[in-house]
Amino acid sequence: MAAEALVELENVRFARGLHPVLAGVDMHIPRGAIVALMGASGGGKTTMLNLMAGTLRPQSGQIRIAGQDLQMLNEDAMYGLRRQMGMLFQHSALFTDLSAFENVAFPLRRHFRLPENVLRKLVMMKLEAVGLRGAAGLFPAELSGGMGRRIALARAVVMDPMLIFYDEPFTGLDPISVGIIASLIKRLNTALGATSVLVSHDVEETFSIADYGFILAGGKIIAEGSPADLRASDSALARQFLGGQPDGPVPFHYPARQDYAAALRDSHAAGEVL
Ligand SMILES: Nc1ncnc2c1ncn2[C@@H]1O[C@H](COP(=O)(O)OP(=O)(O)OP(=O)(O)O)[C@@H](O)[C@H]1O
């Protein structure tokens, strides 16, 4: 991609114990874009978001955000950078004992000492942006799933982030709410002049708003391009993933520790249950 990159990953490697999750990932995310990150379950997409957010550190390789190498930042600088990031993570539940208003106000109260009238204006602006100004006083138990996700979205962008991470923002929502969240992600990205990285299994909805996509498999980016390029990809892995085919280069069966029949024989001999 030729455009100026806001996020750059170079040969990023990350392992969990002996299990390599990322085996040399290169990625350039242009400023202002909505970028989709896709791939099989357990492939390392959430791990990549955490690495970009600086909550995990790679074993090797470089991650730069707005030209700053995350490895070189001290704690204060990292904290400052993180304040410019918004996150809507898969299980980013709302605080059940706080109203919708207070949920959205939470990051502002935590990071700034703002006069109450200023804080109120900022929160109400974001509630307005997600169409839920009227729900400010409701508690999470009084909101539908889709409304709750919109409140979480308002909370994720309340500090006007330059970079927003979405991890499975459509999961568990009805089709109408999915459409609303997708158009909000697009609208907020434009209104804030932000850059968004979106992890989702929902290919159609994601491609309807993404400018560019990456497919992660086997710890590497195996395909990248515009949604149209990716659909036309000749990679069997990309086709399996985008077509939602149960079997292909990624096998349906999880590989066993050893030959299953031999393991069964051993376990019977040892009197254990597999
Ligand atoms: N806290 C953790 N401790 C140990 N292993 C972990 C931890 N978090 C993730 N993993 C492992 O790291 C690998 C990558 O997980 P990750 O959550 O990044 O995948 P993913 O692509 O986001 O999956 P999904 O699409 O199912 O959410 C998996 O094998 C997972 O089991």
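Two exercises with worked solutions follow.

This is a predicted model, in which local features need pLDDT of at least 70, side-chain atom pairs count only at pLDDT 80 or more, and totals for chains, interfaces and linings use all residues. Residues are numbered from 1 along each chain as its sequence is written, and side-chain values use heavy atoms, with hydrogens and water left out.

**Exercise 1.** Work out whether helix H1 (residues 45–52) is enclosed or open.

*Solution.* Start with the terms: helices (H or I, at least four residues) and strands (E, at least two) are DSSP runs, numbered from the N terminus. Buried means under 20% relative accessible area, exposed over 50%, and partly exposed in between (1.4 Å probe, protein chains only). Next, go along the helix: Lys45, Thr47, Met48, Leu49, Asn50, Leu51 and Met52 are buried. That is 7 of the 8 residues, so H1 is largely enclosed by the rest of the structure. Finally, look past its end, where Gly54 follows with a positive phi, near 75°.

**Exercise 2.** Find the order of the strands in the open sheet of 6 strands, and its edges.

*Solution.* Two strands pair if DSSP finds at least two bridges between them. The edge strands, S6 and S10 (220–225), each pair on one side only. Now zoom in on S3 (residues 34–39) and S9 (residues 212–217): they run parallel and are joined by 5 bridges. Here Gly39 stands opposite Leu216 of S9.
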